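Please view the sequence and the model together while reading.

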Amino acid sequence: MPSFLFWLFAVLMLAGGVAVVAFRNPVSSAMSVVASFVGLAALFVGLSAFFVGIIQILVYTGAVMVLFLFIIMLLDLKDEQKRAPKLAPVAAGFALVIAFVIQLVGVLAKMPATTAPKLDQAALASAAGGFNEGGKIATALTAGRLPDVQLIGHTLFTQYNLPLQILGVLLLVATVGVVVLSKKHAD
Amino acid sequence: MNLAWILLFLPLVVAAVNQLVLRKNPLVPWVSTGSALATLVISFLLLGKEGTTGFNWATIGDFSLQIGITLDSLSTGMMIVVTGIGTLVHVFSLGYMADDEAKSRYFTGLSLFMFSMTGIVLSSNFAMTFIFWELVGVSSYLLIGHWYQKDSAADAAKKAFITNRIGDFGFMVGILLVWSITGTLAFGEMAIPETVSQGMITAAILCIFCGAVGKSAQVPLHVWLPDAMEGPTPVSALIHAATMVAAGVYMLFRVQVSLGADVFDGTAGNVIAWIGGITSLMAALMATQQDDIKRVLAYSTLSQLGYMVMAVGLGGGEAGMFHLFTHAWFKALLFLGSGAVIHACHHEQDIWKMGGLLRKMPITGFTFLIGTAALIAVPFVTSGFYSKEEILAAAFGKNKFLFGIAVFVAFLTTFYMTRAFVVAFLGKPRDHGSEHAHEVGPLMFVPLVILAAMAIGSAWLTGPLSAMRPVHEHGHAEGHAIILGASIASLVLGLLAGFALYKGKDKNPVSIPLFRNRFYIDAIYDNYLVRYFQNVLAAIVHFFDELFINGLMVGGLSRAAATTGNLFRRVQSGSLQGYAFAFGLGVVLVIYFTVFH
Amino acid sequence: MATLNDYLLVSGLLFAIGLAGVVLRRNIIVVFMCLELMLSAANLSLVAFSRFHPVNGLPDYNGQMLVFFVITVAAAEVAVGLAIIVALYRARQTIHTDELTSLQG
């Protein structure tokens, strides 16, 4: 990904994040999260993780954030009332974040800068040997394309089958839990 | 030797079984009495045996404390006294305490006492003596306070115990001094090295004597013994007349035998003899004005103990032991007799409310008369006469002034015993209690009869008990006549005075407040010594307790816990952001320590 | 070309922003959103590592699997969390964290 696009979407994402924290109205915050996640999805795509980028949009911005907005509307929340800001907690929060960022920069400063390995035709074609010849993946790889979705599916249903099943059960449990929680007590 | 161990531990086992297994079972009195009888039999079997045995009880470095048994003529003879009177007292108690609700406790206490007393008598070393010395103190405390519901009994028990503790402190110091001088605690191995100064030895002897002052109730620690009469009368007979109070004399004599009689020459012996003499004089004077029959006997006991101590102090330990031996029987007899009287008169103890009891209770009356005769030393027929003669002889040989005191005390003894007998047993009943009195049952009068026989005969029974009977020195033949004369004169004068003053009287004709109020010694102790001492001590203890124990230790710990808890309570603010902040801080710190540190 | 460090920096900054939101905001829904931001920040670094450390010439799909699972679990978590918030609001009539201090010791 060209640096220009990277920085564009990175700034979009970070600005969205800052806006989430800064906006007083939860609806504005939620919209900022959407903006931030769009930037994030673009970064995913830039990292050739097309599938993850797409479900980031679909699941997060599409489902989760809509759910958030729905709840905000449901609860009919007012703006956060202006209160005399307590200086000590705010200062402590900022100090913590700044300490974290300093540490982050400190760590990254020691790391050598690595650039992404190229995913050109030669590289992809050489990876095709590990897959069924004549299969979709192998064909795509030989053709110099990255069959991202197929690779994800392949990994998921070969190496991660059991966790996938468990994940399904988890989602079921969550669904049941949500129903139980939301139910008004009939007593 | 195994018999000796059985003799020592049987009463303890019985006490433990009584207390822990049988508890309120009606068998308890019989078990205790049976064990007393068994120990009496064993004591007879052990007569004449000699030897020492023991085991190391605690070893500290190269020093070890022994539990050991010494058998010699002294200890086996003393065991006859202890177990013999003990058995009779047990039997008497079966009748006397028949209606008592807590007789299990009472008999358990008696068994415990028998164990402790046996321990003192058989002990082969000072450490063991001291242990059992304290044990008799405890059992005496338990038995005096048997009727603890009565304040006076509870107070008397405390008084006895605390007063004894004062003497025991000196005793302990004395034991340590003896140890430092001789390097051993075993009676059989003591020898005083040449290099030790006379003052050191004197100090050691006098400190040990402190123990005897406490236990044998010598001036100035005599105050507990009259009060100890709050206990059941058989207890008074066994513990506070015949055996435990004699332990001091026994122990002094043990020391005298172990260290040699010559260490009692000089200051130590003089102090002991004078304290004995003063005790016997003061106690006899106080006895002349007591109305409570048991108190008369209690002061009489004090007085006779004073005799014995005086004899030991004068180097005539054998005479003292001999008197101890005879006195034990007839004083036990007198106490049990008074117990029978008290029992018959529905727990009336004032002699001025008795009277005419000789006709109502002939057996008790005559045995009491025999006991009295022995105590006042009727010549030639009673055992008390012979032992008293020995003491008078010892005093005559060493110190004429003390001899004078002893003769005067003999006169007083005759006087107050005549008074007690005349008032209580002759004349007319002065109270409906004594009017309706009748003879006690066989469980109570059989021991009286046996003791009466011993009161007369014990002086001749000393064949196997050689240590009890001094080898008679025919050194002062002309002194012998003087002693005999003085003794008989004091007897006659005492009888005459007693009869003249009290015959046919219904009220106390003479009142001497000084004697009646025991020279005000108890009052002085209570009002000055105890109060001030107690107050100062209490203030110190209170201060210590409040500041250190309560303030720093207990309170400090709890306050520290509360403070820490409050500190940590702050952390539990309930604020979500607070928790998140703490969590983030933790993460930052983890990063810091893993990556940067 | 953007290096791995750039991605990690951006990811770390997003995480820090999320953390700041969690610590500073008082509205529990916003706090929840900030938590989602932090999760996504972690996802970003996972995908970046997956891309920059290839296996057999392909991105390391194990990393993307993890992201996939995180997103799924996060969705379930959001559903349950929001249900809890709704129940909480019903019970307490507030979602302001300053007023939700019944855990106070």
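## The interface of chain A and chain C

Between chain A and chain C the count of salt bridges is 0. The model is a predicted one, and across this interface 12 residue pairs are found in polar contact, with both residues at pLDDT 80 or more. On the side of chain A that touches chain C, the elements giving two or more residues are helix H1 (3–22), helix H2 (26–46), helix H3 (50–75), helix H4 (87–110), helix H5 (121–127), helix H7 (148–158) and helix H8 (161–182) of chain A. The most comes from H3(A), which gives 14 residues to this side. Sorted by class, the side of chain A that touches chain C has 67 nonpolar, 13 polar and 7 charged residues.

The extent of this interface can be stated in residues and in area. From chain A, 87 residues are in contact with 72 residues of chain C. Together the two chains bury about 7,100 Å² between them, and 78% of that area lies on carbon and sulfur atoms.

## The interface of chain A and chain B

The contact between chain A and chain B takes 9 residues from chain A and 8 residues from chain B. These two chains bury about 690 Å² between them, with 81% of it on carbon and sulfur atoms.

The count of salt bridges between chain A and chain B is 0, and the count of residue pairs in polar contact, both at pLDDT 80 or more, is 1. The side of chain A that touches chain B divides into 5 nonpolar residues, 3 polar residues and 1 charged residue.

## The second largest pocket

The second largest pocket has a volume of about 740 Å³. It is lined by 21 residues, of which B:Lys159, B:Ile162, B:Thr163, B:Asp526 and B:Val530 are the closest to the centre of the pocket.

Two helices of chain B, helix H6 (151–182) and helix H22 (521–571), each supply at least two residues of this lining. By class, the lining of the second largest pocket has 10 nonpolar, 3 polar and 8 charged residues.

## Enclosed cavities

Rolling a probe the size of a water molecule over the atoms shows where empty space is left. In this structure there are 2 cavities of 30 Å³ or more, and the largest cavity has a volume of about 40 Å³.

Residues of chain B line the largest cavity: B:Val178, B:Ile181, B:Thr182, B:Ile192, B:Ile201, B:Ala204, B:Ile205 and B:Leu259. At least two residues of this lining come from each of H6 and helix H7 (198–215) of chain B. The lining of the largest cavity divides into 7 nonpolar residues, 1 polar residue and no charged residues.

## Salt bridges

Side chains of opposite charge can pair when their charged atoms come close. Over all chains, the count comes to 8 salt bridges.

One of these joins the side chains of B:Glu230 and B:Lys150, at 3.4 Å from N to O. This pair links distant parts of the chain, with the two residues 80 residues apart. B:Glu230 is in the loop between helix H8 (224–227) and helix H9 (233–242) of chain B, whereas B:Lys150 is in the loop between helix H5 (126–144) and H6 of chain B.

## Backbone features

The peptide bond from B:Val219 to B:Pro220 is cis, with omega near 5°. B:Pro220 is placed in the loop between H7 and H8 of chain B.

Positive phi values are found at residues that are not glycine, including B:Arg23, with a phi of about 50°, and C:Gln93, with a phi of about 60°. B:Arg23 is placed in the loop between helix H1 (2–22) and helix H2 (28–46) of chain B, whereas C:Gln93 is in the segment after helix H3 (61–92) of chain C.

How values were computed: Residues numbered from 1 in each chain as written. Chains lettered and ligands numbered in written order. Predicted model: local features only at pLDDT ≥ 70, side-chain atom pairs only at ≥ 80, totals over all residues. Heavy atoms only, no water. Contact = heavy atoms within 4.5 Å. Buried area = accessible area lost by both parts, 1.4 Å probe. Salt bridge = Lys/Arg side-chain N within 4 Å of Asp/Glu carboxyl O. Polar contact = N/O pair within 3.5 Å; in protein donor to acceptor, adjacent residues only side chain to side chain. Helix = DSSP H or I, 4+ residues; strand = E, 2+ residues; numbered from the N terminus. Nonpolar A, V, L, I, M, F, W, Y, C, P; charged D, E, K, R; others polar. 1 Å grid on protein atoms, 1.4 Å probe; cavity = no way out; pocket = protein on both sides within 12 Å on 5 of 7 lines; lining within 4 Å. Points joined across faces, edges and corners; volume = space filled by probe spheres on them.
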